[in-house]
Amino acid sequence: MTSSLRWCAFLLSLVSLGRAIILTQNDASLVSSTKYDFVIVGGGTAGNVIANRLTENPKFKVLLLEAGPSDAGQLELQIPFLCTHTTPNTAWDWNYTTVPQAALNGVSISYPRGHVLGGSSSINCLVYTRGSKEDFDRYADVTGDKGWSWDNMLPYFKKSERFTPPADGHNTTGQFDPSVHGFNGRVGVSLPGAATAIDGRANAAFDQLGGEFQRTLDYNSGSPVGFGWSQAVIGGSKRSSSSTAYLAPQYLQRSNLHVLVNSKVSRILQTDTAGGLPVFRSVEFNLNGAASSTKVTASKELILSAGSLNTPQILLNSGIGSSSTLKSLHIKPLVDLPDVGENMGDHPIITLAWTVNSTQTYDDFNRNTTLQNQEIQRWKQTGQGVFVNGIAQHIGFVRVPDTSPIFSKVGDPAPGPGSPHFEIFLSNFLLGTTPPTGNFLSISSIMLTPTARGNVKLNSTNLFGAPIIDPQLLTGSTDVPLLREAVKSTLRLVSASAWNGYILAPVDGQPTATATDAELDMFISGSARSAYHVVGTSSMTPKNAKTGVVDPDLKVKKVGGLRIVDASVLPFVPAGHTQAATYALAERAADLIKADHS
Ligand SMILES: Cc1cc2nc3c(=O)[nH]c(=O)nc-3n(C[C@H](O)[C@H](O)[C@H](O)COP(=O)(O)OP(=O)(O)OC[C@H]3O[C@@H](n4cnc5c(N)ncnc54)[C@H](O)[C@@H]3O)c2cc1C
Ligand SMILES: *[C@@H]1O[C@H](CO)[C@@H](O)[C@H](O)[C@H]1NC(C)=O
Ligand SMILES: *[C@@H]1O[C@H](CO)[C@@H](O)[C@H](O)[C@H]1NC(C)=O
Ligand SMILES: *[C@@H]1O[C@H](CO)[C@@H](O)[C@H](O)[C@H]1NC(C)=O
Ligand SMILES: *[C@@H]1O[C@H](CO)[C@@H](O)[C@H](O)[C@H]1NC(C)=O
Ligand SMILES: *[C@@H]1O[C@H](CO)[C@@H](O)[C@H](O)[C@H]1NC(C)=O
């Protein structure tokens, strides 16, 4: 094709897509011939925040490169209830698994990550929890930057958030605290939009038992301990992802933003040297799986937002990491940063389930495709019904008493006395594999204060394929004991009389209230999995620290021109599901970047 014909084909492809600025043409010539100020690698949760905020300045020309496809028009990605159908091993997943996990009976577990515009925010299960004030104050402490403290970050949580009435329009007074939420931001956050058969009994159980099950108005206030209504990233009746929120049509239409999907970045390249440091402002990527790569260079900064697994993979493939390890992989070491890919933290999760005396659970919607299709039609036509809900109706955070013998030898891994050790959430169906028949209540617990640290490494025989992922789940000294406390707490919760006549029996093989610690631990090693909250693989540490990967302003240590903005910079997992923290950190990062180039 001549270049003018190619240009016509390109314009046609834009028209047919509707979302004009998503470029999918088989030709990277437009991108190659454009001069960008910033290039962002990864159109995921954090990357799209940066793309949106930087292009608020019409003088900044920005390229966003995403390995996966566009999320447009994909019903499974839009319908909150179908979140459990978006992974693993789908068109929107990187399809990763871990190496065998010693504390999980040597099993390799599935480890999904979003491979689609919006990244993991397009495929996750929508839970919106921020963590504790002390989590953020600890980030400030360990980095020496007060900017990461809760008081400084709360405005960024609010800036990212658009708290939205639930789909059913019910009166939400007393179900959340408006003073800690944002109402004019980008990401929709909502309370449950359809009542379920367990709501009344769950609230009655919390009130009957009190104590560890005391209710709280809003666990997103910075003081999470207590139980409340679940908050999820839903705007109206639809999933709100970083793509639907930060790359909504009005932002995609900005002429200074180019979004290129199906573009996998293999590595970044040194462009020059400044102040004695190597500067990395070029990236190499392969469009639509092409064998030959395209190179683009940012004039101001390159921003890696490829997530906790792929950001370290790109750094290592670019010669940034442990020099000795890189040498053994025959990669030329350019920058010695031994902590790239190390310090991985993640939350283990375990689900308990009971058969129940009800036909009003959501199990059938997960296994009967006729019913599923009927409900999809209802969702499309009315924006109402079962499918406007995510996986949880109620969520609570519990703190193990300071006097617990678990802490006597090694201390309390929580960041402070107001922080919980585990989370419990209730689902009106069996979360996990749905059996062919039966109605279930399931209660999942997440251990929030892991001391296990894993890592992500390159596969020596396939450097650009799946990295080798080892979260070392539950190998920290307080990890199993604290998850065991969560299971005990869950068993106490179902002992409340509010469940009489509803809960029938535990599912096969599940421990009951009389189980010994050894029996509980056997259950944990057989059933615990990851909650997919992986962080820490490009941790921030103080400026000039010998450890860590980025400075508190998220600039990569020992190099110029390069920042990391994604969940991998968080040195500890917060006491919450990780997307809210990722949005807030990206909002602050956008301000830091803008301030440097104003
Ligand atoms: C199945 C699942 C369920 C979860 N449930 C919840 C939940 O309910 N609530 C919650 O708060 N958190 C949840 N999480 C965690 C949360 O979604 C993540 O912590 C968060 O989205 C991470 O954001 P990120 O920007 O770091 O990475 P991501 O959002 O994963 O973005 C990384 C992006 O970079 C792209 N990319 C990667 N490599 C390359 C490359 N080489 N070239 C170009 N692009 C690349 C990816 O395709 C992706 O789009 C869940 C995660 C998973 C996987
Ligand atoms: C993950 O697996 C699905 C199903 O096999 C496939 O369609 C998809 O392309 C895979 N993802 C990647 C990134 O290869
Ligand atoms: C919502 O409920 C609160 C407290 O129960 C009540 O004061 C308020 O009037 C109600 N609002 C509406 C619009 O009904
Ligand atoms: C599936 O749902 C449809 C629609 O509600 C119903 O008619 C059918 O009997 C269900 N199938 C099974 C196997 O339960
Ligand atoms: C590394 O890659 C090779 C080749 O693709 C593959 O056979 C092997 O299983 C991978 N190793 C691990 C630990 O994933
Ligand atoms: C099931 O619930 C009905 C009322 O809905 C009640 O009459 C019956 O006793 C319950 N069955 C059990 C086994 O609790």
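Predicted model: local features only at pLDDT ≥ 70, side-chain atom pairs only at ≥ 80, totals over all residues.
Residues are numbered from 1 along each chain as its sequence is written, and chains are lettered from A and ligands numbered from 1 in the order in which they are written. Local features need pLDDT of at least 70, side-chain atom pairs count only at pLDDT 80 or more, and totals for chains, interfaces and linings use all residues, while side-chain values use heavy atoms, with hydrogens and water left out.

**Exercise 1. Overall fold**

Task: Work out whether the radius of gyration of the chain agrees with that of a compact globule.

Solution: 
- Step 1. Take the globule rule, 2.2 Å times the number of residues to the power 0.38, with the radius of gyration taken over C-alpha atoms.
- Step 2. For 598 residues a compact globule would come out near 25 Å, and the chain has 24 Å, so the two agree.
- Step 3. Now look inside: buried residues make up 61% of the chain, where buried means under 20% relative accessible area (1.4 Å probe, protein chains only).

**Exercise 2. The annotated positions**

Task: Find which residues the UniProt annotation "binding site" covers, and why they do not all gather at one spot.

Solution: 
- Step 1. The unreviewed UniProt entry lists Val-116, Asn-124, Cys-125, Leu-126, Val-127 and Val-265; such annotations may be inferred rather than shown by experiment.
- Step 2. These residues span 150 residues in sequence and their farthest two C-alpha atoms are 29.3 Å apart, so they do not all gather at one spot.
- Step 3. Zoom in on Asn-124, in the loop between strand S5 (110-111) and helix H5 (133-143); helices (H or I, at least four residues) and strands (E, at least two) are DSSP runs, numbered from the N terminus.
- Step 4. Beyond its neighbours within four places in sequence, Asn-124 is in contact with Cys-83, Arg-239 and Gln-579, contact meaning heavy atoms within 4.5 Å.
- Step 5. Leu-126 is in the loop between S5 and H5 and is buried, at a relative accessible area of 0%. Among the residues it touches, apart from those up to four places away in sequence, are Cys-83, Arg-239 and Gln-579.

**Exercise 3. The second largest pocket**

Task: State which helix gives the most to the lining of the second largest pocket.

Solution: 
- Step 1. Helix H4 (75-78), strand S10 (238-239) and helix H8 (242-246) each supply at least two lining residues.
- Step 2. H8 gives the most, with three residues.

Key. Buried < 20%, exposed > 50% of the residue type's maximum accessible area, 1.4 Å probe, protein only.
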